[in-house]
Structures are given as structure tokens and as C-alpha cells.
Amino acid sequence: MPEPTTTTAPAIAQLDTSLAIEVTGASYVYPSGHVVALDGVDLRVERGEILGIIGQNGSGKTTLTKLFNGLLKPSAGRVIVNGVDTATKTVQQMAPHIGYVFQNPNHQLFARTVQAELEFGPRNIGVPAEEIAERVRNAVEFFGLQDVVDEHPYRVSFPVRKLVGIASIVTMQPSILIFDEPSTGQDHQTTHIINDLMRRLRDEGTTVVCVSHDMPLLADVVERVIVMKETRIIADASPREVFADQTLMARTNLQAPQSTQIALATVVPLGGPVALTPSELASDLERRLTAHVPSTKITK
Amino acid sequence: MSMQMALPIAMIPGNSLIHRITPLPKMIWVVGYIVLAFSTTNIVILYSMALFAFLIAVISGVTRPLLKACVILVPIASSLLALQIIAPAVEKPWTSVGHIGALALYGNGVYYGFVLLGRIVASLIMALVVVMTTHPSDLFTTFAKLKIPYTFNFMLAMTLQLIPVFQREVGIIMSAQKSRGMKGRGFSAVLPSFVPVFVGAIERVQQLSISLESRGFGSAGIKTSYRQVKSRPSDWVVAIVGVVAIATLATMSIMRGTWNLSTVILFPHAFVFWLFVVAASVFAAVILVTVFYMFKR
């Protein structure tokens with residue numbers, strides 16, 4: 001186990017700017033020189049926002065998020081995160097600012113116990129021992145990992161392993177957290193925990209960026225969606241506006257959540273609202289049905 | 001990514017004369033080279049073999065990747081020569097050619113140092129040239145023709161194919177751990193990076209075997225290959241020339257009791273002295289650089 005390093009997390013207040021992430025004209029060309037993964041992207045993310053990034057495979061979503069934490073450096077343009085230009089910092093130096101939850105938890109888990117796994121990140125960035133213990137306790141409680149704390153991370157089921165992977169980043173308490181496909185291969189309960197986590201992080205002032213193909217998940221939690229197509233951002237709006245834009249959805253080969261599709265095909269032409277979640281849709285339908293047949297009571 | 005460069009031993013596509021030779025004659029040359037290298041102590045033969053193999057590399061257009069791969073020879077050559085000068089692998093009495101402090105330098109081992117090095121250099125270059133100019137599928141088709149069991153062939157092919165997959169995996173894992181603030185090098189990086197790689201490798205192989213069995217791998221029938229290997233007369237010429245040349249030299253060497261020229265080729269004392277200084281310095285530098293990067297945090 002590596003010893004705690006002397007590096008301390010930079011004081012966020014000192015670097016505080018109004019923006020969490022500011023991308024100006026960023027392009028990225030893979031070292032082979034043949035593949036342009038991003039082309040002149042501009043993006044501003046406010047503190048405490050939950051941002052969803054959608055787009056087809058190969059549209060540049062993951063490349064963009066890798067620019068945020070310095071795993072990739074822009075070939076042109078600038079990426080400023082928490083007031084720090086990522087081009088001048090190593091990934092390790094960016095780690096206290098920005099956490100990155102990889103899609104496959106197997107790529108990051110190695111310790112002998114779940115407990116040690118959760119301690120690894122904060123120890124690397126120089127968090128004092130007592131605080132690490134406190135953070136780990138909180139994470140174990142939030143993610144419901146009490147029964148597996150002393151287990152080997154590879155011995156627990158895949159959904160739980162995913163939670164361990166997320167918790168291992170959450171204990172670093174970065175002010176920005178990136179999730180790459182958090183719900184892939186997850187059961188309903190785990191997805192629910194991830195949704196709750198994103199909301200709680202937002203409430204605590206953390207900026208959350210979520211790359212996903214899971215439209216219901218995004219519809220449920222994010223406040224703003226950017227749509228990527230062929231290395232560029234082609235739309236940037238609220239999920240309601242994005243999912244209601246059928247031309248945009250068709251152009252990007254994306255599908256709005258089913259609730260939105262049903263709403264668009266039924267109540268929207270009648271002047272009803274664009275529903276994002278099943279409960280929104282159900283409420284609207286109930287309202288309409290009870291208006292026509294006052295005696296009917298619909299149980300959700 | 002730099003990890004991609006770690007193993008420059010894949011096939012380098014090309015259409016040179018050497019690329020067009022079928023794998024069997026090339027394999028004959030590699031095996032022949034190894035047999036001859038270990039049946040002679042004649043440094044003229046050994047270094048001529050190395051030079052010949054290098055010329056073939058030049059003809060094949062794989063000089064640059066070959067030289068990259070040959071960097072591995074730097075620590076081998078420097079340690080081998082330095083050690084042979086301070087502790088010759090020949091019977092005493094040894095003749096001292098000078099001293100560096102309390103360290104006595106002997107000329108007797110230099111010849112054997114060059115023999116050992118020559119064997120490694122010649123065999124390595126020839127083997128690398130063959131690997132770099134032969135399509136893996138052709139190699140396995142040839143193995144199959146030689147009645148080597150298909151399962152064994154398949155295992156070998158899968159292992160080679162997994163190398164780039166694991167290189168990519170290592171890249172992803174290093175990224176994931178760096179994102180958690182892990183310092184990218186040194187001993188502290190070993191555990192966090194390699195546990196996921198090994199676990200991933202084992203899982204992948206398990207899944208692969210289940211997937212293969214579920215698709216009927218190992219059921220009856222002779223396996224065929226999409227790529228066909230057809231020997232042309234020129235291939236036979238290459239094979240026969242290889243067998244004859246190598247067998248002749250090997251026989252001549254063995255009949256002359258390994259054809260040792262250590263009594264004929266004598267190295268001047270100053271040469272031995274400076275050879276030691278250079279070899280020992282290079283080896284020390286290699287160790288220092290390695291240790292430095294291991295402990296750099």
C-alpha cells in the first residue's frame with residue numbers, strides 16, 4: 001500500500017471561479033494524427049450543475065470528459081477546470097479537483113478489501129487519516145456497503161462492485177465528478193442509488209457530469225443536456241427541450257425516454273406538457289382522464 | 001500511448017522479398033541459427049551470422065523496429081562483457097591486463113564474452129526478422145501442416161492476439177488509477193495497476209473458453225485457414241540453402257571442436273581495459289536509470 005504523500009489538496013476557495021469547467025475552442029486529434037475526436041468545442045459548466053452528455057458512440061463524449069481531468073490534453077483550445085488550465089497539470093494534480101468514475105469498475109479496483117479501496121484515493125491526495133475514516137464511514141453508509149467492507153472488491157457482485165468504484169471516487173470529495181456510463185449493466189436498485197447520489201452531490205454543491213446512453217436516467221436527474229455529433233456539440237438545453245426535439249433526436253439517432261415519446265404522441269399535440277418520467281406522464285394522464293370522467297380514480 | 005511501443009515485436013506489413021517467403025523456410029533458418037550458434041565458438045561465424053541476419057532485416061525494410069527491439073541487448077551486452085572481464089568463464093591461470101582500484105581485469109574472458117553475446121545477437125536478430133516479416137496466421141497454418149495440434153496452435157495464436165488487447169487495458173487502468181491521484185510510476189504504482197490487469201486477463205480467458213466451447217470449439221473436423229500458404233520453388237531454394245549452409249558450418253565447427261579462435265584472436269590490453277570501462281559504465285547507467293524510475297514518485 002503506498003504511503004500517504006505530502007501533496008495536499010489545493011484550497012478550492014483560492015481557485016474559486018464562477019465556472020466549474022470552461023472549454024474554449026477545444027479540439028483533440030489522436031496521436032496517430034488520423035482521428036479527430038473533438039473539433040472546436042465550447043462549453044461552460046456552472047458550479048453545482050448536473051450536466052448530461054449524450055451522443056452516438058464515437059461522437060466525442062468520452063474524449064471531452066477526458067479533457068476535463070487532464071487524461072487528454074487539448075490539441076488546440078483551452079480547458080479550464082476550477083480555474084486551473086488542465087494543459088499545465090498532470091492527471092494526479094487534477095485529481096483533488098475532479099473525480100472520474102470509469103465505466104468498468106474492474107479497471108480501478110485492486111485493494112484487498114473494500115475499505116482499503118475507499119481509502120486509496122483520499123490518501124493519495126493527502127487527506128488526514130481521521131478525515132479519511134470519516135469519509136469512508138459516510139460512503140459505506142450511503143452506498144449500503146456495511147456487509148462487504150472487509151470483502152475483497154472482486155468477491156462482491158458486479159452491481160456492488162460498481163458502487164464500490166463510485167464510492168472510491170466519492171471519498172475523494174472532488175468538487176466536480178464525472179460519471180462515464182454509470183448505469184451500464186446495473187440493476188434497478190443500483191441505478192436508483194446512483195440517481196440519489198447525483199442529486200445529493202448537486203445539493204452539496206458538487207458539479208456532476210454524466211455521460212450516458214441511459215435516457216430515462218438522464219431525464220430523471222440532469223438539469224442540462226449537451227448533445228454531441230461527429231466531434232461537435234450540436235445542442236445544449238434542458239432535457240425537456242432536447243428530448244422534445246424530434247428532429248434532433250432523429251438526426252443523432254438517439255431515442256427520447258419512452259415517457260417522453262408517449263407524451264409527444266398523445267398529450268403534447270393536445271397542448272399537454274412534455275413528460276420526462278413515467279410519474280410526470282401518469283399525473284398528466286390522470287388529470288386529463290379525471291377531467292373527462294370525474295368519478296374515475298386512477299391508481300398509479 | 002507509450003505502452004503500445006513496449007513490445008515492438010509484431011509483424012511489420014510489407015511486400016519485400018523476405019515477406020513473400022513462406023514461413024517454413026524462415027523457421028528452418030531460425031532453428032538452424034540457434035543450432036549453429038550453440039555448436040560453434042567461432043566469433044567470425046557468429047558475428048557473420050548476426051551481420052547476415054541484419055542485412056536481411058535491411059532488405060525486409062524492418063531496420064527501425066528491429067533496432068528498437070534490440071535495445072534489450074544493451075543491458076545484456078554490457079553486463080556480459082563487464083562480468084567476463086572481472087570473472088572470466090575460463091580455467092585459470094588468468095592474465096591480468098590492469099587494475100581499477102582493487103578490481104583486477106583479465107583478458108581471458110573477453111573472447112567468451114563475445115561468443116556468448118554473438119550467440120544471443122545472431123539468434124535474436126534472425127528470430128525478430130522472421131517474426132516481423134511473417135503473418136501470424138501463415139505461421140500457424142504452417143504449424144498445422146507440420147502436424148502440430150490445432151489446439152496448441154490456437155492457444156499460441158490467441159495468446160499473441162491478446163498482447164495488444166492487454167496493452168490497451170493497461171492504458172485504461174493506468175488512466176483510472178491516475179484519476180484517483182496515483183503517482184504514475186514507481187513501486188507504489190505496481191499493485192494498483194497490475195491487480196486489475198491480471199484479474200481482467202483471467203476473467204477474459206475464462207469467458208473466452210466458455211464462449212469457445214459454447215460455439216462448438218473442439219468438435220470433430222479438420223480446421224482450415226482462410227489464408228492459404230503455398231510453397232513456391234524459391235521457398236524450397238531458401239530452405240535448402242539454409243539447411244546446407246548451416247549444416248556445413250555446424251559440422252565444420254563440431255569437427256574442429258567448436259572451432260575456437262581464442263588462441264588466434266588476441267585482444268590488446270588497452271582494448272580490454274577500455275572495453276571494461278565502457279561496458280561497466282553502460283551497465284551501471286542502465287541500473288541507475290532503472291532504479292531512479294522505480295523510486296521516482
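This is a predicted model: local features need pLDDT of at least 70, side-chain atom pairs count only at pLDDT 80 or more; totals for chains, interfaces and linings use all residues.
How many residues lie between β4(A) and β5(A) in their hairpin, and which residue in the turn has a positive phi? There are 2 residues between these strands. Asn82(A), in the turn, has a positive phi of about 50°.

**Strand pairs in chain A**

Begin with β4(A). It covers residues 76–81 and has strand β1 (residues 19–29) of chain A as a partner. The two run antiparallel, joined by 5 bridges. Look for Ile21(A), which stands opposite Val81(A) in β4(A). β4(A) also pairs with strand β5 (residues 84–85) of chain A. This pair is antiparallel too, with 2 bridges. Here Ile80(A) has Asp85(A) in β5(A) as its bridge partner.

Now turn to β6(A). It pairs with strand β7 (residues 176–180) of chain A in the parallel sense. In this pair, Gly99(A) stands opposite Leu177(A) in β7(A). Both senses of pairing are used in sheets: strands pair through backbone hydrogen bonds, either parallel or antiparallel.

| Strand pair | Sense | Bridges |
|---|---|---|
| β1(A) and β4(A) | antiparallel | 5 bridges |
| β4(A) and β5(A) | antiparallel | 2 bridges |
| β6(A) and β7(A) | parallel | 4 bridges |

**The six-strand sheet**

The pair β6(A) and β7(A) belongs to an open sheet of 6 strands in chain A. Its order is β6-β7-β8-β3-β9-β10, and the pairing is mixed. Which strands stand at the edges? They are β6 (98–101) and β10 (232–237) of chain A. Each has a single partner strand, so one side of each is left without a neighbour in the sheet. On average, neighbouring strands are turned by 20° against each other, direction ignored.

Helices lie across these strands. Helix α2 (residues 61–68) of chain A lies across β3 (50–55), β6, β7, β8 (207–211) and β9 (224–229) of chain A. α2 runs at about 150° to β8(A). Helix α7 (residues 188–203) of chain A lies across β3, β7 and β8 of chain A. Its angle to β8(A) is also about 150°.

**Chain B and its helices**

Chain B has 11 helices and 2 strands. Along the sequence, the pattern reads α-α-α-α-α-β-β-α-α-α-α-α-α. Of its 297 residues, 30% count as buried. Take the contacts in chain B between residues at least 6 apart in sequence: 80% of them join residues at least 24 apart.

One helix pair deserves a look. The axes of helix α5 (residues 73–86) and helix α6 (residues 110–133) of chain B come within 8 Å and cross at roughly 160°. That angle makes α5(B) roughly antiparallel to α6(B). The crossing is right-handed. Among the residues that meet are Leu73(B), Ile76(B) and Leu80(B) in α5(B), and Leu116(B), Leu117(B) and Ile120(B) in α6(B). By class, this contact has 12 nonpolar, 2 polar and no charged residues.

**Where the chains touch**

Finally, find the contact between the chains. 18 residues of chain B are in contact with 21 residues of chain A. On the chain B side, α8 (150–179) and α9 (190–214) each supply at least two residues. Which helix gives the largest share of that side? It is α8(B), with 7 residues. By class, the chain B side has 9 nonpolar, 6 polar and 3 charged residues.

Key: Residues are numbered from 1 along each chain as its sequence is written. Chains are lettered from A and ligands numbered from 1 in the order in which they are written. Axes are lines fitted to C-alpha atoms, for helices over the stretch in contact, and angles run from 0 to 180 degrees between N-to-C directions. Angles under 35 degrees count as roughly parallel, over 145 as roughly antiparallel, 65 to 115 as roughly perpendicular and the rest as oblique. A crossing is left-handed if the near helix is turned anticlockwise from the far one by less than a right angle, and right-handed if clockwise. Two residues are in contact if their C-beta atoms, placed from the backbone, lie within 7 Å. Ala, Val, Leu, Ile, Met, Phe, Trp, Tyr, Cys and Pro count as nonpolar, Asp, Glu, Lys and Arg as charged, and the others, Gly among them, as polar. Two strands pair if DSSP finds at least two bridges between them. A residue is buried if 20 or more other C-beta atoms lie within 10 Å of its own, exposed if 12 or fewer, and partly exposed in between; C-beta atoms are placed from the backbone.
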